[in-house]
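Here are my notes for you to read alongside the model. Take the points one at a time and find each residue as you go.

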Amino acid sequence: MCGILGIVGSEPVNSRLYDGLTLLQHRGQDAAGIATSHDGRLMLRKAAGLVRDVFSNAHMLRLAGNMGIGHVRYPTAGSSAAAEAQPFYVNSPYGIVMGHNGNLTNAADLQRELFESDLRHINTGSDSEVLLNVFAHELQALKPSKKITPEQIFATVTQVHRRCKGAYAVIGMLVGRGVFAFRDPLGIRPAMIGVRHTDTGSEYAVSSESVALQGLGFTRLRDLAPGEAIYIDVEGNMHTRQCAEETSLSPCIFEYVYLARPDSIIDNVSVYKARLRMGEKLAKKILSERSDHGIDVVIPIPDTSRTSAMEVAFHLGVKYREGFIKNRYIGRTFIMPGQQLRKKSVRQKLSPIELEFAGKNVLLVDDSIVRGTTSGQIVEMARDAGAAKVFMASAAPPVRYPNVYGIDMPACEELIAHGKSVPEIQEIIGADWLVYQDLEDLIEAVRYDKHPIETFESCCFNGEYITGDVDSSYLQALQSNRSDKMKKGASSGDDLVVL
(Lines give C-alpha, C1' and ligand atoms only; values in the text may rest on other atoms or scores of the structure.)
Protein backbone atom coordinates (compact mmCIF):
# COMPACT_ATOMS: atom_id res chain seq x y z
CA MET A 1 0.00 0.00 0.00
CA CYS A 2 1.38 3.35 -1.12
CA GLY A 3 -0.01 6.70 -2.18
CA ILE A 4 0.60 8.31 -5.57
CA LEU A 5 -0.05 11.89 -6.70
CA GLY A 6 0.70 13.86 -9.85
CA ILE A 7 -0.17 17.41 -10.90
CA VAL A 8 0.19 19.40 -14.11
CA GLY A 9 -0.66 23.01 -13.30
CA SER A 10 -0.40 26.57 -14.47
CA GLU A 11 1.63 27.57 -11.41
CA PRO A 12 4.23 25.89 -9.15
CA VAL A 13 3.00 22.55 -7.80
CA ASN A 14 5.52 21.92 -5.00
CA SER A 15 3.34 23.03 -2.08
CA ARG A 16 0.28 21.27 -3.46
CA LEU A 17 2.20 18.02 -3.88
CA TYR A 18 3.33 18.35 -0.26
CA ASP A 19 -0.20 19.03 0.96
CA GLY A 20 -1.58 16.19 -1.15
CA LEU A 21 0.93 13.72 0.22
CA THR A 22 -0.02 14.67 3.78
CA LEU A 23 -3.61 13.78 2.86
CA LEU A 24 -2.34 10.41 1.62
CA GLN A 25 0.02 9.84 4.57
CA HIS A 26 -2.19 7.03 5.91
CA ARG A 27 -1.20 4.98 2.87
CA GLY A 28 2.48 4.94 3.76
CA GLN A 29 4.60 6.16 6.66
CA ASP A 30 7.95 4.66 5.69
CA ALA A 31 9.18 7.16 3.10
CA ALA A 32 8.09 10.07 0.94
CA GLY A 33 9.28 11.71 -2.25
CA ILE A 34 8.50 14.55 -4.65
CA ALA A 35 9.86 15.13 -8.15
CA THR A 36 9.22 18.27 -10.21
CA SER A 37 10.32 19.45 -13.62
CA HIS A 38 11.50 23.00 -14.36
CA ASP A 39 13.35 24.41 -17.37
CA GLY A 40 14.12 20.92 -18.62
CA ARG A 41 15.65 19.77 -15.34
CA LEU A 42 14.45 17.32 -12.73
CA MET A 43 14.34 18.25 -9.06
CA LEU A 44 13.97 15.25 -6.76
CA ARG A 45 13.78 14.91 -3.00
CA LYS A 46 13.02 11.61 -1.29
CA ALA A 47 13.93 10.07 2.05
CA ALA A 48 12.73 7.81 4.82
CA GLY A 49 10.15 9.32 7.15
CA LEU A 50 6.83 11.12 7.23
CA VAL A 51 6.07 13.87 4.73
CA ARG A 52 6.55 16.58 7.36
CA ASP A 53 10.00 15.22 8.22
CA VAL A 54 11.29 14.60 4.70
CA PHE A 55 10.73 18.10 3.29
CA SER A 56 12.21 21.25 4.78
CA ASN A 57 11.55 24.78 3.54
CA ALA A 58 14.85 24.66 1.64
CA HIS A 59 13.80 21.46 -0.14
CA MET A 60 10.44 22.93 -1.09
CA LEU A 61 11.99 26.08 -2.55
CA ARG A 62 14.23 23.99 -4.77
CA LEU A 63 11.37 21.76 -6.01
CA ALA A 64 10.45 24.25 -8.71
CA GLY A 65 8.15 23.68 -11.66
CA ASN A 66 4.53 23.57 -12.78
CA MET A 67 4.34 19.80 -12.97
CA GLY A 68 5.44 17.03 -10.67
CA ILE A 69 4.65 13.78 -8.93
CA GLY A 70 4.74 12.58 -5.33
CA HIS A 71 4.74 9.29 -3.46
CA VAL A 72 4.33 7.99 0.08
CA ARG A 73 5.56 4.48 0.70
CA TYR A 74 5.33 1.60 3.01
CA PRO A 75 7.33 -1.40 1.85
CA THR A 76 5.84 -4.66 0.63
CA ALA A 77 8.68 -5.55 -1.72
CA GLY A 78 12.32 -4.82 -1.12
CA SER A 79 13.24 -3.25 2.19
CA SER A 80 12.40 -0.11 4.13
CA ALA A 81 15.78 1.45 3.33
CA ALA A 82 15.82 5.07 2.22
CA ALA A 83 17.42 4.00 -1.08
CA GLU A 84 14.08 2.43 -2.01
CA ALA A 85 12.05 5.56 -1.39
CA GLN A 86 10.15 6.67 -4.46
CA PRO A 87 9.93 8.14 -7.08
CA PHE A 88 12.67 6.28 -9.00
CA TYR A 89 14.52 7.88 -11.91
CA VAL A 90 16.17 6.73 -15.15
CA ASN A 91 17.83 9.18 -17.53
CA SER A 92 16.88 7.53 -20.82
CA PRO A 93 14.81 8.05 -22.80
CA TYR A 94 14.06 11.70 -22.00
CA GLY A 95 14.47 11.29 -18.25
CA ILE A 96 11.65 9.41 -16.56
CA VAL A 97 10.63 9.45 -12.92
CA MET A 98 7.98 7.07 -11.56
CA GLY A 99 6.10 6.06 -8.43
CA HIS A 100 4.02 2.93 -8.00
CA ASN A 101 1.34 1.56 -5.68
CA GLY A 102 0.92 -2.21 -5.68
CA ASN A 103 3.10 -5.24 -6.22
CA LEU A 104 4.34 -7.04 -9.31
CA THR A 105 3.92 -10.78 -8.94
CA ASN A 106 6.45 -11.52 -11.70
CA ALA A 107 9.07 -8.99 -10.56
CA ALA A 108 11.82 -11.62 -10.23
CA ASP A 109 11.29 -12.85 -13.79
CA LEU A 110 11.20 -9.30 -15.10
CA GLN A 111 14.43 -8.42 -13.31
CA ARG A 112 16.17 -11.35 -14.99
CA GLU A 113 14.78 -10.27 -18.37
CA LEU A 114 15.91 -6.70 -17.83
CA PHE A 115 19.45 -7.85 -17.11
CA GLU A 116 19.79 -10.63 -19.66
CA SER A 117 17.83 -9.24 -22.60
CA ASP A 118 17.29 -5.53 -22.02
CA LEU A 119 20.77 -4.94 -20.52
CA ARG A 120 19.33 -2.85 -17.70
CA HIS A 121 20.66 -2.90 -14.16
CA ILE A 122 18.28 -2.87 -11.18
CA ASN A 123 19.96 -1.31 -8.17
CA THR A 124 17.42 -2.05 -5.41
CA GLY A 125 15.05 -4.81 -4.37
CA SER A 126 12.01 -2.71 -5.26
CA ASP A 127 9.58 -3.93 -7.90
CA SER A 128 8.84 -0.27 -8.62
CA GLU A 129 12.33 0.15 -10.06
CA VAL A 130 11.67 -2.94 -12.17
CA LEU A 131 8.42 -1.44 -13.45
CA LEU A 132 10.15 1.85 -14.30
CA ASN A 133 12.85 0.07 -16.29
CA VAL A 134 10.32 -2.03 -18.19
CA PHE A 135 8.52 1.19 -19.13
CA ALA A 136 11.75 2.92 -20.13
CA HIS A 137 12.92 -0.03 -22.22
CA GLU A 138 9.62 -0.30 -24.09
CA LEU A 139 9.54 3.44 -24.78
CA GLN A 140 13.13 3.33 -26.02
CA ALA A 141 12.26 0.42 -28.32
CA LEU A 142 9.84 2.72 -30.19
CA LYS A 143 12.83 4.89 -31.16
CA PRO A 144 10.98 8.05 -30.19
CA SER A 145 11.96 11.43 -31.59
CA LYS A 146 12.80 14.52 -29.57
CA LYS A 147 9.09 15.33 -29.30
CA ILE A 148 7.13 12.61 -27.51
CA THR A 149 3.57 11.86 -28.65
CA PRO A 150 0.63 10.51 -26.63
CA GLU A 151 0.49 7.55 -29.01
CA GLN A 152 4.02 6.57 -28.01
CA ILE A 153 3.12 6.74 -24.33
CA PHE A 154 0.07 4.56 -24.88
CA ALA A 155 1.99 2.04 -27.00
CA THR A 156 4.53 1.80 -24.19
CA VAL A 157 1.87 1.21 -21.56
CA THR A 158 0.36 -1.52 -23.78
CA GLN A 159 3.70 -3.33 -23.70
CA VAL A 160 3.97 -2.83 -19.93
CA HIS A 161 0.58 -4.50 -19.51
CA ARG A 162 1.76 -7.44 -21.61
CA ARG A 163 4.93 -7.92 -19.58
CA CYS A 164 3.91 -7.03 -16.03
CA LYS A 165 1.60 -9.06 -13.82
CA GLY A 166 0.10 -8.14 -10.49
CA ALA A 167 -1.29 -4.91 -9.10
CA TYR A 168 -0.07 -1.48 -10.08
CA ALA A 169 -1.34 2.06 -10.08
CA VAL A 170 1.42 4.20 -11.55
CA ILE A 171 2.24 7.89 -11.66
CA GLY A 172 5.16 9.07 -13.79
CA MET A 173 6.71 12.10 -15.42
CA LEU A 174 8.82 12.68 -18.49
CA VAL A 175 11.14 15.56 -17.69
CA GLY A 176 10.00 18.74 -19.40
CA ARG A 177 7.25 16.95 -21.32
CA GLY A 178 4.34 15.73 -19.22
CA VAL A 179 2.85 13.49 -16.55
CA PHE A 180 1.39 10.04 -17.23
CA ALA A 181 -0.56 7.54 -15.16
CA PHE A 182 -1.96 4.07 -15.70
CA ARG A 183 -3.73 1.31 -13.84
CA ASP A 184 -3.36 -2.47 -14.05
CA PRO A 185 -5.86 -4.37 -16.25
CA LEU A 186 -7.77 -5.65 -13.21
CA GLY A 187 -7.95 -2.28 -11.47
CA ILE A 188 -6.72 -3.77 -8.21
CA ARG A 189 -5.12 -0.58 -6.90
CA PRO A 190 -6.98 2.74 -7.09
CA ALA A 191 -6.21 5.79 -9.21
CA MET A 192 -8.42 8.72 -10.19
CA ILE A 193 -8.25 11.96 -12.14
CA GLY A 194 -9.36 15.44 -11.08
CA VAL A 195 -9.54 18.85 -12.71
CA ARG A 196 -9.30 22.42 -11.51
CA HIS A 197 -10.31 25.27 -13.82
CA THR A 198 -8.35 28.50 -13.49
CA ASP A 199 -8.17 31.79 -15.37
CA THR A 200 -5.08 30.50 -17.16
CA GLY A 201 -6.50 27.12 -18.11
CA SER A 202 -7.34 23.72 -16.70
CA GLU A 203 -5.07 21.91 -14.25
CA TYR A 204 -5.15 18.13 -13.79
CA ALA A 205 -4.23 15.86 -10.91
CA VAL A 206 -4.04 12.09 -10.48
CA SER A 207 -4.30 10.56 -7.01
CA SER A 208 -4.77 7.26 -5.19
CA GLU A 209 -7.78 8.67 -3.35
CA SER A 210 -10.34 11.39 -3.93
CA VAL A 211 -9.58 12.93 -0.53
CA ALA A 212 -6.32 14.37 -1.91
CA LEU A 213 -8.07 15.81 -4.96
CA GLN A 214 -10.75 17.41 -2.84
CA GLY A 215 -8.24 18.81 -0.37
CA LEU A 216 -6.28 20.46 -3.19
CA GLY A 217 -9.34 22.07 -4.76
CA PHE A 218 -9.69 19.66 -7.68
CA THR A 219 -13.02 18.29 -8.82
CA ARG A 220 -12.98 14.52 -9.10
CA LEU A 221 -13.70 13.58 -12.69
CA ARG A 222 -13.58 9.79 -12.55
CA ASP A 223 -11.52 6.75 -11.69
CA LEU A 224 -9.02 5.49 -14.21
CA ALA A 225 -10.47 2.41 -15.84
CA PRO A 226 -8.58 -0.87 -15.50
CA GLY A 227 -5.85 -0.89 -18.13
CA GLU A 228 -6.35 2.77 -18.99
CA ALA A 229 -3.51 5.27 -19.40
CA ILE A 230 -3.63 9.06 -19.11
CA TYR A 231 -1.05 11.50 -20.43
CA ILE A 232 -1.14 15.21 -19.58
CA ASP A 233 1.38 17.18 -21.59
CA VAL A 234 3.26 20.23 -20.38
CA GLU A 235 0.71 22.50 -22.07
CA GLY A 236 -2.05 20.99 -19.95
CA ASN A 237 -3.74 18.86 -22.62
CA MET A 238 -5.10 15.52 -21.35
CA HIS A 239 -5.05 12.40 -23.52
CA THR A 240 -6.52 9.02 -22.52
CA ARG A 241 -6.62 5.53 -24.03
CA GLN A 242 -7.44 1.98 -23.07
CA CYS A 243 -4.14 0.11 -23.35
CA ALA A 244 -4.98 -3.43 -22.20
CA GLU A 245 -6.52 -6.15 -24.31
CA GLU A 246 -8.53 -7.81 -21.53
CA THR A 247 -9.78 -5.93 -18.49
CA SER A 248 -12.17 -6.32 -15.60
CA LEU A 249 -12.80 -4.11 -12.61
CA SER A 250 -11.65 -6.11 -9.57
CA PRO A 251 -10.59 -3.61 -6.89
CA CYS A 252 -8.99 -4.71 -3.64
CA ILE A 253 -11.78 -5.02 -1.10
CA PHE A 254 -9.36 -4.29 1.74
CA GLU A 255 -9.21 -0.69 0.51
CA TYR A 256 -12.76 -0.27 1.80
CA VAL A 257 -12.15 -2.22 5.00
CA TYR A 258 -9.01 -0.47 6.19
CA LEU A 259 -6.61 1.15 3.73
CA ALA A 260 -8.57 4.13 2.39
CA ARG A 261 -9.78 7.14 4.32
CA PRO A 262 -13.54 7.13 4.98
CA ASP A 263 -13.99 10.43 3.15
CA SER A 264 -12.67 8.96 -0.10
CA ILE A 265 -14.64 7.63 -3.05
CA ILE A 266 -13.00 4.75 -4.90
CA ASP A 267 -14.47 3.29 -8.10
CA ASN A 268 -17.63 5.31 -7.41
CA VAL A 269 -18.12 3.69 -4.01
CA SER A 270 -18.11 5.85 -0.89
CA VAL A 271 -15.74 4.27 1.62
CA TYR A 272 -17.77 5.80 4.45
CA LYS A 273 -21.07 4.36 3.19
CA ALA A 274 -19.46 0.96 2.62
CA ARG A 275 -18.26 0.88 6.23
CA LEU A 276 -21.71 1.86 7.47
CA ARG A 277 -23.15 -1.11 5.61
CA MET A 278 -20.41 -3.35 7.01
CA GLY A 279 -21.58 -2.38 10.48
CA GLU A 280 -25.19 -3.08 9.66
CA LYS A 281 -24.42 -6.55 8.34
CA LEU A 282 -22.09 -7.29 11.24
CA ALA A 283 -24.89 -6.44 13.69
CA LYS A 284 -27.19 -8.88 11.91
CA LYS A 285 -24.51 -11.57 12.16
CA ILE A 286 -24.15 -10.93 15.90
CA LEU A 287 -27.91 -11.13 16.42
CA SER A 288 -28.12 -14.37 14.47
CA GLU A 289 -25.36 -15.98 16.53
CA ARG A 290 -25.83 -14.22 19.88
CA SER A 291 -29.45 -13.23 20.27
CA ASP A 292 -28.87 -13.00 24.02
CA HIS A 293 -25.57 -11.15 23.59
CA GLY A 294 -25.78 -9.19 26.84
CA ILE A 295 -23.78 -6.28 25.44
CA ASP A 296 -23.91 -3.09 27.50
CA VAL A 297 -21.81 -0.87 25.26
CA VAL A 298 -20.14 -0.92 21.82
CA ILE A 299 -16.66 0.58 21.69
CA PRO A 300 -14.65 1.02 18.47
CA ILE A 301 -10.92 0.44 18.19
CA PRO A 302 -9.97 3.78 16.64
CA ASP A 303 -9.88 5.01 14.02
CA THR A 304 -10.90 2.90 11.04
CA SER A 305 -13.58 0.86 12.79
CA ARG A 306 -15.50 3.83 14.16
CA THR A 307 -17.93 4.08 11.25
CA SER A 308 -18.88 0.39 11.36
CA ALA A 309 -19.08 0.35 15.17
CA MET A 310 -21.67 3.13 15.21
CA GLU A 311 -23.94 1.11 12.94
CA VAL A 312 -23.40 -2.04 15.01
CA ALA A 313 -24.51 -0.20 18.14
CA PHE A 314 -27.52 1.32 16.37
CA HIS A 315 -28.81 -2.00 15.01
CA LEU A 316 -28.15 -3.82 18.29
CA GLY A 317 -29.98 -1.11 20.19
CA VAL A 318 -27.16 -0.57 22.70
CA LYS A 319 -25.01 2.41 23.64
CA TYR A 320 -22.06 3.51 21.55
CA ARG A 321 -19.15 4.98 23.46
CA GLU A 322 -15.59 6.06 22.80
CA GLY A 323 -13.56 3.94 25.18
CA PHE A 324 -10.06 4.43 23.83
CA ILE A 325 -8.17 7.66 23.27
CA LYS A 326 -5.67 7.51 20.45
CA ASN A 327 -2.25 9.09 20.57
CA ARG A 328 -2.11 10.95 17.25
CA TYR A 329 1.67 10.84 17.18
CA ILE A 330 1.82 7.06 16.77
CA GLY A 331 1.41 5.64 13.28
CA ARG A 332 -0.92 2.89 12.07
CA THR A 333 0.26 -0.26 13.86
CA PHE A 334 -0.88 -2.62 11.10
CA ILE A 335 1.62 -1.14 8.64
CA MET A 336 4.58 -0.93 11.01
CA PRO A 337 7.49 -3.00 9.72
CA GLY A 338 8.07 -5.47 12.56
CA GLN A 339 6.13 -7.49 15.10
CA GLN A 340 8.07 -6.22 18.12
CA LEU A 341 7.53 -2.62 17.06
CA ARG A 342 3.82 -3.27 16.60
CA LYS A 343 3.54 -4.82 20.07
CA LYS A 344 5.26 -1.87 21.68
CA SER A 345 3.17 0.64 19.75
CA VAL A 346 -0.28 -0.60 20.76
CA ARG A 347 -0.12 0.58 24.37
CA GLN A 348 1.62 3.78 23.31
CA LYS A 349 -1.12 4.33 20.77
CA LEU A 350 -4.28 3.69 22.85
CA SER A 351 -5.32 4.60 26.37
CA PRO A 352 -8.61 3.35 27.89
CA ILE A 353 -11.24 5.54 29.53
CA GLU A 354 -11.83 3.33 32.55
CA LEU A 355 -15.34 4.59 33.40
CA GLU A 356 -16.59 3.27 30.04
CA PHE A 357 -15.38 -0.23 30.90
CA ALA A 358 -15.86 -0.63 34.64
CA GLY A 359 -18.35 -3.42 35.37
CA LYS A 360 -19.71 -3.53 31.79
CA ASN A 361 -20.02 -6.17 29.11
CA VAL A 362 -18.14 -4.50 26.29
CA LEU A 363 -18.22 -5.25 22.55
CA LEU A 364 -15.02 -4.10 20.87
CA VAL A 365 -15.38 -3.57 17.13
CA ASP A 366 -12.34 -3.57 14.85
CA ASP A 367 -12.16 -3.18 11.08
CA SER A 368 -10.13 -6.39 10.76
CA ILE A 369 -7.90 -8.74 12.72
CA VAL A 370 -4.69 -9.41 10.82
CA ARG A 371 -1.86 -10.54 13.06
CA GLY A 372 -3.85 -10.38 16.29
CA THR A 373 -1.16 -8.29 17.97
CA THR A 374 -3.43 -5.33 18.54
CA SER A 375 -6.55 -7.35 19.36
CA GLY A 376 -5.03 -9.42 22.16
CA GLN A 377 -3.50 -6.42 23.86
CA ILE A 378 -6.68 -4.35 23.57
CA VAL A 379 -8.78 -7.13 25.07
CA GLU A 380 -6.30 -7.24 27.94
CA MET A 381 -6.46 -3.45 28.29
CA ALA A 382 -10.27 -3.59 28.47
CA ARG A 383 -10.12 -6.18 31.25
CA ASP A 384 -7.51 -4.16 33.12
CA ALA A 385 -9.87 -1.16 32.87
CA GLY A 386 -12.55 -3.15 34.72
CA ALA A 387 -14.72 -4.70 31.99
CA ALA A 388 -16.86 -7.59 33.25
CA LYS A 389 -16.81 -9.32 29.86
CA VAL A 390 -15.01 -8.44 26.64
CA PHE A 391 -16.51 -9.44 23.30
CA MET A 392 -14.85 -8.86 19.94
CA ALA A 393 -16.29 -8.33 16.45
CA SER A 394 -14.47 -7.83 13.17
CA ALA A 395 -16.05 -5.92 10.28
CA ALA A 396 -14.00 -8.11 7.93
CA PRO A 397 -13.75 -11.90 7.58
CA PRO A 398 -10.78 -13.83 9.01
CA VAL A 399 -7.53 -12.90 7.26
CA ARG A 400 -6.18 -16.37 6.52
CA TYR A 401 -3.95 -15.94 3.47
CA PRO A 402 -1.07 -13.71 2.36
CA ASN A 403 -1.81 -10.70 0.20
CA VAL A 404 0.50 -10.41 -2.80
CA TYR A 405 -0.93 -7.28 -4.39
CA GLY A 406 0.54 -4.52 -2.28
CA ILE A 407 -0.51 -5.10 1.35
CA ASP A 408 1.97 -6.24 3.98
CA MET A 409 0.47 -9.68 4.70
CA PRO A 410 3.30 -11.84 3.36
CA ALA A 411 3.76 -14.68 5.82
CA CYS A 412 1.08 -17.19 6.79
CA GLU A 413 2.73 -17.68 10.18
CA GLU A 414 2.10 -14.01 10.97
CA LEU A 415 -1.67 -14.23 10.33
CA ILE A 416 -3.58 -15.21 13.46
CA ALA A 417 -6.45 -16.79 11.51
CA HIS A 418 -4.33 -18.95 9.21
CA GLY A 419 -5.21 -22.59 9.84
CA LYS A 420 -7.30 -21.76 12.92
CA SER A 421 -10.98 -21.86 13.76
CA VAL A 422 -12.82 -18.88 15.22
CA PRO A 423 -12.96 -20.47 18.72
CA GLU A 424 -9.17 -20.97 18.57
CA ILE A 425 -8.64 -17.33 17.60
CA GLN A 426 -11.04 -16.26 20.33
CA GLU A 427 -8.97 -18.11 22.90
CA ILE A 428 -5.69 -16.65 21.64
CA ILE A 429 -6.85 -13.03 21.88
CA GLY A 430 -8.63 -13.69 25.19
CA ALA A 431 -12.14 -12.57 24.23
CA ASP A 432 -15.29 -14.03 25.79
CA TRP A 433 -16.65 -14.49 22.31
CA LEU A 434 -15.62 -13.45 18.80
CA VAL A 435 -17.66 -12.78 15.66
CA TYR A 436 -16.34 -12.20 12.14
CA GLN A 437 -18.10 -10.68 9.15
CA ASP A 438 -18.97 -13.13 6.37
CA LEU A 439 -17.17 -12.52 3.07
CA GLU A 440 -20.46 -12.54 1.15
CA ASP A 441 -21.82 -9.82 3.42
CA LEU A 442 -18.65 -7.77 3.07
CA ILE A 443 -18.86 -7.94 -0.72
CA GLU A 444 -22.52 -6.98 -0.64
CA ALA A 445 -21.75 -4.05 1.66
CA VAL A 446 -19.20 -2.63 -0.78
CA ARG A 447 -20.98 -3.51 -4.03
CA TYR A 448 -24.23 -1.99 -2.79
CA ASP A 449 -27.12 -1.24 -5.18
CA LYS A 450 -26.01 -3.10 -8.31
CA HIS A 451 -22.71 -1.31 -8.61
CA PRO A 452 -20.83 -2.30 -11.80
CA ILE A 453 -18.03 -3.93 -9.78
CA GLU A 454 -18.50 -7.61 -10.59
CA THR A 455 -15.64 -9.10 -8.60
CA PHE A 456 -13.30 -7.99 -5.85
CA GLU A 457 -9.71 -8.89 -5.16
CA SER A 458 -10.21 -10.73 -1.84
CA CYS A 459 -7.23 -13.07 -1.69
CA CYS A 460 -6.42 -12.44 1.97
CA PHE A 461 -9.87 -13.77 2.88
CA ASN A 462 -10.44 -16.59 0.37
CA GLY A 463 -6.96 -17.48 -0.91
CA GLU A 464 -7.99 -16.86 -4.53
CA TYR A 465 -5.35 -14.94 -6.52
CA ILE A 466 -7.01 -13.30 -9.48
CA THR A 467 -3.89 -12.75 -11.59
CA GLY A 468 -3.59 -16.52 -12.01
CA ASP A 469 0.18 -16.67 -11.52
CA VAL A 470 0.43 -17.24 -7.76
CA ASP A 471 1.09 -20.76 -6.50
CA SER A 472 2.44 -22.37 -3.33
CA SER A 473 6.07 -21.99 -4.42
CA TYR A 474 5.54 -18.28 -5.03
CA LEU A 475 3.96 -17.87 -1.59
CA GLN A 476 6.78 -19.76 0.05
CA ALA A 477 9.37 -17.56 -1.62
CA LEU A 478 7.39 -14.49 -0.61
CA GLN A 479 7.24 -15.66 2.98
CA SER A 480 10.99 -16.25 3.04
CA ASN A 481 11.83 -12.84 1.59
CA ARG A 482 9.23 -10.59 3.16
CA SER A 483 8.30 -11.94 6.58
CA ASP A 484 8.92 -9.86 9.67
CA LYS A 485 12.02 -11.95 10.35
CA MET A 486 13.52 -10.75 7.09
CA LYS A 487 12.58 -7.05 7.34
CA LYS A 488 15.47 -4.69 7.13
CA GLY A 489 15.80 -1.47 9.07
CA ALA A 490 15.57 1.90 7.43
CA SER A 491 18.74 3.82 6.70
CA SER A 492 19.34 7.55 6.95
CA GLY A 493 17.60 9.87 4.52
CA ASP A 494 18.88 11.00 1.15
CA ASP A 495 19.40 14.64 0.28
CA LEU A 496 17.86 16.60 -2.55
CA VAL A 497 19.08 15.57 -5.98
CA VAL A 498 19.07 18.00 -8.92
CA LEU A 499 19.52 16.22 -12.25
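1. Strand 4 covers residues 67-73 and runs antiparallel to strand 2, with seven bridges joining the two. Two strands count as paired if DSSP finds at least two bridges between them. Helices (H or I, at least four residues) and strands (E, at least two) are DSSP runs, numbered from the N terminus.

2. Before you go further, keep in mind that this is a predicted model: local features need pLDDT of at least 70, side-chain atom pairs count only at pLDDT 80 or more, and totals for chains, interfaces and linings use all residues. Residues are numbered from 1 along each chain as its sequence is written, and side-chain values use heavy atoms, with hydrogens and water left out.

3. Strand 2 has another partner too. With strand 3 (residues 41-48), strand 2 pairs in the antiparallel sense over eight bridges; for instance, Thr 36 is bridged to Met 43 in strand 3. These two strands make a hairpin with two residues between them, and Asp 39 in the turn has a positive phi of about 55 degrees.

4. Is strand 2 mostly covered or mostly open? Mostly covered: seven of the eight residues in strand 2 (31-38) are buried. Buried means under 20% relative accessible area, exposed over 50%, and partly exposed in between (1.4 Å probe, protein chains only).

5. Now look at helix 1. Its buried residues are Asn 14, Arg 16, Leu 17, Gly 20 and Leu 21. They sit on the same side of helix 1, because they cover an arc of only 160 degrees around the axis. That arc is taken from the directions from the helix axis to the C-beta atoms.

6. How many aromatic pairs does the structure hold? Eleven. Rings of Phe, Tyr and Trp (its six-membered ring) pair if their centres lie within 6.5 Å; planes under 30 degrees apart count as stacked, over 60 as edge-to-face and the rest as tilted. Tyr 18 and Phe 55 are edge-to-face, at 6.2 Å centre to centre with 75 degrees between the planes. Tyr 18 is in helix 1 and Phe 55 in the loop between helix 2 (51-54) and helix 3 (57-62), so this pair ties together parts 37 residues apart in sequence. Phe 55 counts as buried, at 5% relative accessibility.

7. Ring pairs also link Phe 135, Tyr 168, Phe 180 and Phe 182 into a cluster. Elsewhere, the charged end of Arg 196 sits over the ring of Phe 218, 5.9 Å from its centre. For that, CZ of Arg or NZ of Lys must be within 6 Å of the ring centre and within 35 degrees of the ring normal.

8. Last, the cysteines. A disulfide is a pair of cysteine sulfur atoms within 2.5 Å, and by this rule the count is zero. Cys 252 has its nearest cysteine sulfur, that of Cys 460, 6.5 Å away. Cys 252 is buried, at 1% relative accessibility.
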